[in-house]
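Work through the following exercises with the sequence and the structure side by side, and try each task before you read its solution.

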Amino acid sequence: MTKLRYLFAFAALAIGASATPASADSIPGLRGHDHTGITVPDVKAATAFFTDVIGCKHAMSFGPFMDDKGTFMKDAVNVNPRAVIEEISMVRCGYGSNIELFQYKSPDQDKTEPKNSDYGGHHIALYVDDIDKAAEYLRGKGVKTMQGPIPVKEGPAAGQSILYFLTPWGLQMELISYPKGMAYEKDAKTLLWSTTEPTK
């Protein structure tokens, strides 16, 4: 058998293998995203920003948590054994999942807010019905906004508009809106979860 025939045979095997439905494993009982946890320098000030400026609702606060002598903090949440969670505050924003705000104190604490380009970088996106009005509102409250709102006009995300902004302590957040949907939805087998139609 020539080298070319070997390649064709291998390709045929690969096509045949891909035609068999793949079995996807799942965490038993998986329902969805419950919350995003963010560490902040001042949990009371952060809670006030989320409630007084963003418009979220405060649900509960609890803590502190620490282990003066053992390794519970390392074993449970993978931080320095002497780290202290001074307080946790939970807020709910509209129809989205919850946001958990932590105030930590730790001997090895890095106080640099990661950029989106850093490993571990992150942002929280909030859906709004009218992104121009929302942007105007944030700027009127003195919130630092980046360039935008930026409409996406090409590719699978066409139809959305975005605007990044910063909290007073430097957490990057985003406003997003796609009132007429996005281009990918026409042929998609899986739709992204949406705050406007959360049951889909």
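Two residues are in contact when heavy atoms of theirs lie within 4.5 Å of each other. Keep in mind throughout that the model is a predicted one.

**Exercise 1. Surroundings of a glutamine**

Find where glutamine 103 is placed, decide whether glutamine 103 is buried or exposed, and list the residues it is in contact with.

Solution. Begin with the chain itself: glutamine 103 belongs to strand β4, which covers residues 98-105. Next, consider its accessibility, for which the cut-off for a buried residue is under 20% relative accessible area. Glutamine 103 has a value of 18%, so glutamine 103 counts as buried. Then look for its partners, leaving aside the neighbours within four places in sequence: the contacts are Val40, Pro41, Asp42 and Val43, together with Val84, Ile85, Glu86 and Glu87. Finally, examine the side chain of glutamine 103, where a polar atom lies 2.8 Å from the backbone nitrogen of valine 43.

**Exercise 2. The disulfide**

Determine how many disulfides the structure has, which cysteines are joined, and which handedness results.

Solution. A search of the whole structure gives one disulfide, and this bond joins cysteine 56 to cysteine 93, with 2.0 Å from S to S. The torsion about the S-S bond is about 95°, so the disulfide is right-handed. Cysteine 56 sits in the loop between α2 (43-54) and β2 (57-62), whereas cysteine 93 sits in the loop between β3 (84-92) and β4, so the pair ties together parts that are 37 residues apart in sequence. Both ends are buried, since cysteine 56 has a relative accessible area of 5% and cysteine 93 has one of 14%.

**Exercise 3. Aromatic pairs**

State how many aromatic pairs the structure holds, and describe the geometry of the pair of phenylalanine 50 and tryptophan 169 and of the pair of tyrosine 127 and tyrosine 178.

Solution. There are six aromatic pairs in the structure. In one of them, phenylalanine 50 and tryptophan 169 are 6.3 Å apart from centre to centre, with 45° between the planes, and the pair is tilted. This pair links distant parts of the chain, because phenylalanine 50 is in helix α2 and tryptophan 169 is in the loop between β8 (161-166) and β9, 119 residues apart. Phenylalanine 50 is buried at 0% relative accessible area, and tryptophan 169 is buried at 18%.

Tyrosine 127 and tyrosine 178 form an edge-to-face pair, with 4.9 Å centre to centre and 75° between the planes. Tyrosine 127 lies in strand β5 (residues 124-127) and tyrosine 178 in the segment after β9, so this pair ties together parts that are 51 residues apart in sequence.

Note on methods: Residues numbered from 1 in each chain as written. Predicted model: local features only at pLDDT ≥ 70, side-chain atom pairs only at ≥ 80, totals over all residues. Heavy atoms only, no water. Helix = DSSP H or I, 4+ residues; strand = E, 2+ residues; numbered from the N terminus. Buried < 20%, exposed > 50% of the residue type's maximum accessible area, 1.4 Å probe, protein only. Polar contact = N/O pair within 3.5 Å; in protein donor to acceptor, adjacent residues only side chain to side chain. Disulfide = S-S within 2.5 Å. Phe/Tyr/Trp six-rings, centres within 6.5 Å; stacked < 30°, edge-to-face > 60°.
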